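Welcome along! Keep your viewer open and your selection tool handy, and we will go from stop to stop together.

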Amino acid sequence: MPKDFTQPKVEPSEPPEWIDAAPYKVEYTETPVIKEAPGADLDKDAAALKKVMKGFGTDEDAIIDIVCKRDNAQRQKIKDQFKTAFGRDLLKDLESELSGKLETIILGLMESNVEFDAHQIRKAVKGLGTDDDCLVEILCTRTNEELSAIKGAYNRLFERSMEDDVKSDTSGTFQKLLVSLMNATRDVEPEKVDRSKCKKDAKVLFDSGEGKLGINEEEFVRILATRSYAHLRCVLEEYETVAGKSLTQSVSSEFSGDIKNGLKTIVECIQHRQQYFADALQSDEGTNDKVLIRIVISRSEVDLKEIKEKFEAIKSEPLAKMVEGETSGDYRKAMLAIINGNY
């Protein structure tokens, strides 16, 4: 060894500080507005749908009353029964008979949940322009299991790679964030959290943003896209101690554009997923129909009841009242049928 060789300095690693993860876990209770309709005769439903689409004119009210008042599993059985009884594809018949936003709603309801999400992502990246807000709303809010299922549905429906399509329509750190999320490698929820690792992550986030000139965006992606939700809730707590402000505030002030939207969405979902969706539904600029339809359909059998409660707390009016005042016609009828629920 040369005489002038200097042993590299190794920073001592902090010993683990294991604590119970329970305070950092959020047990989400499903609060659907649409459940299995007890006593529904699905054979009669299939026959009724055939009847109201026969001949001139279509009874949209009857279609809304059936499709919006059955849960997804029942709709799939109706679709199968329609094929068995009449040898026809129910989705194609509905598509030929309906138009506009009502068509979007009814066809969306007739898909499975993961197929609906897959179709939304395909629409977001197909053709000129990209609906980055749609990509964020879906990819930044779904679990590992949901993301894996959506990727499988996308490949089955379109014979294409969802990851490749999203990558070709995005760029930079925003692209890296979405790809990391689509890999569905977020850590599983632990029984214990290593507080020393949480402190380290909080310090890394601070040093990569507020604590320096310029931003190391990749560190934000690495931590926020791969750590477990329980770990990240502990990180949020430690970050406020380090930075003197919330991570949401730091992301809002340090980032811009799509990457800001994506990171903020993840942080908001770490804190409370239903609050994120309630916030997304309210806008001072009027109703965003695409967002309204997407959230109401995708969350109707998951947690739309709690989202409605959060929305009313923000806006001091029920979601149904807002929809009633800002929509019209069959679009309004279908939205209200879902939002008001079937029980």
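Start by selecting helix α6 (residues 113-125) and helix α9 (residues 162-169), whose axes come within 10 Å and cross at roughly 30°. That makes α6 roughly parallel to α9, a term for angles under 35 degrees. The helices are DSSP runs (H or I, at least four residues) numbered from the N terminus, and the axes are lines fitted to C-alpha atoms over the stretch in contact, with angles running from 0 to 180 degrees between N-to-C directions. What you are looking at is a predicted model, where local features need pLDDT of at least 70, side-chain atom pairs count only at pLDDT 80 or more, and totals for chains, interfaces and linings use all residues. Residues are numbered from 1 along each chain as its sequence is written, and side-chain values use heavy atoms, with hydrogens and water left out.

Next, show side chains where the two helices meet. On α6 pick I121, R122 and V125; on α9 pick M162, D165, V166 and D169, their contact partners (heavy atoms within 4.5 Å). By class, this contact has four nonpolar, three charged and no polar residues; here Val, Ile and Met count as nonpolar, and Asp and Arg as charged.

C234 is buried, at 0% relative accessible area (buried means under 20%, with a 1.4 Å probe and protein chains only).

Last stop: C269, whose nearest cysteine sulfur belongs to C140, 8.0 Å away. C269 also counts as buried, at 1% relative accessibility.

Definitions and conventions
Parallel < 35°, antiparallel > 145°, perpendicular 65-115°, else oblique. Buried < 20%, exposed > 50% of the residue type's maximum accessible area, 1.4 Å probe, protein only. Disulfide = S-S within 2.5 Å.
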